[in-house]
Amino acid sequence: MPIYQQLKIFSGTANPDLTQKIADYIGVPLGKVLIRRFADGEIFSEIQENVRGMDVFVVQPTCTPVDENLMELLVLLDTLKRASADRVTAVLPYYGYARQDRKAQPRTPITSKLVADLITAAGASRLLAVDLHAGQIQGFFNIPFDHLYANPVFLDFIQKEASSGSRVIVSPDAGGTERARAYAKRLDADLAIIDKRRESPNESAVMNIIGDVKGKNAILVDDIVDTAGTLCHASEAIMDRGAKSVMAICTHPVLSGSAVQKIHESPLEMLVVSDTIPLKEKLRKTNKIQVLSVGHLLGEAIRRIHTGDSVSSLFV
């Protein structure tokens, strides 16, 4: 028995294709909303149907342009709150500013906490996100938070499409070891870790590989691929150590700057990403990138949140 009378899904302008896939999975039409910019760049939104007393979900990844997409999300949340929606869930397939999750140096901000405060103040009653860069971001919110993992989508792809034989799952840094270990456990594969030293933000140098990759099909696993420097350096180091092949899996394809060109020129056989961030234009520049959709995963999570069923059983 549903907790709320009716479910409504609205899309921001950041990733309407993913929102449509979510709506198609659930079997509901997208909510009608007008979003436009004034000449000076200010954002205006208008909900064009009744949402009073309804269970509303707003899908908006805060990807590039990050600040503009974040502000649009805040405006949409405020619009729905003032339109008397009963519950408003912010669905962030990609949570921008997630890498600023702690005060790494004196006199620096914790911007992911600031984003959490803004989303809550704008009117979100609940949050749904995919593969947070840092799980502790959930603690920045004082509202219910559902954290989904995209690994069911990627594991299914690896088992069906990736090279068989001896496999080794490689974490590109020590921080991603837990994520890589989860994949290794599910695939009954070995585990290796890249010992990396970051010289400056968005730059990395591979120092060593902990574990045996020789003669194996290596699969690098990370949550975000931004400039692709880490992945490309890691793939070169893995092949230098005698691996048979190397591919990579990353949930969020930020792919800023010359990332696509680096991937195209790297030893990576394939980079598999999800559609939490749209990248139609960038896909035209290489045939190495494969996109998998998390639409059905988010759709099932939204259905369960609406009906009050368990979301945790979606985890692998």
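Helices (H or I, at least four residues) and strands (E, at least two) are DSSP runs, numbered from the N terminus. The model is predicted: local features need pLDDT of at least 70, side-chain atom pairs count only at pLDDT 80 or more, and totals for chains, interfaces and linings use all residues. Residues are numbered from 1 along each chain as its sequence is written, and side-chain values use heavy atoms, with hydrogens and water left out.

Figure 1. The C-alpha atoms fill a box of roughly 60 × 45 × 35 Å, taken along the principal axes. The radius of gyration is 20 Å, which agrees with the value near 20 Å for a compact globule of 316 residues. This radius is taken over C-alpha atoms, and the globule rule is 2.2 Å times the number of residues to the power 0.38. Of the 316 residues, 53% count as buried. Buried means under 20% relative accessible area, exposed over 50%, partly exposed in between (1.4 Å probe, protein chains only). Contact means heavy atoms within 4.5 Å. Among contacts between residues at least 6 apart in sequence, 63% join residues at least 24 apart.

**Figure 2. Helices α2 (66–82) and α3 (residues 111–122) in contact.** Their axes come within 8 Å and cross at roughly 25°. The two helices are therefore roughly parallel to each other. Axes are lines fitted to C-alpha atoms, for helices over the stretch in contact, and angles run from 0 to 180 degrees between N-to-C directions. Angles under 35 degrees count as roughly parallel, over 145 as roughly antiparallel, 65 to 115 as roughly perpendicular and the rest as oblique. From α2 come L70, L73, L74, L77, D78 and K81; from α3 come V115, L118, I119, A121 and A122. These residues divide into nine nonpolar, no polar and two charged. Ala, Val, Leu, Ile, Met, Phe, Trp, Tyr, Cys and Pro count as nonpolar, Asp, Glu, Lys and Arg as charged, and the others, Gly among them, as polar.

**Figure 3. P61, in the loop between β4 (55–59) and α2 (66–82).** P61 counts as buried, because its relative accessibility is 0%. Leaving aside residues up to four places away in sequence, P61 touches A14, N15, N69, P93, Y94 and T276. P61 and L127 are 66 residues apart in sequence and 12 Å apart in space, C-alpha to C-alpha.

**Figure 4. Helix α6 (residues 229–240), with 12 residues.** From first C-alpha to last, α6 reaches 17 Å, close to the 16 Å expected at 1.5 Å a residue. The expected span is 1.5 Å times one less than the number of residues. The buried residues of α6 are G229, T230, L231, C232, A234, S235, A237 and I238. Just after α6, G242 takes a positive phi of about 95°.
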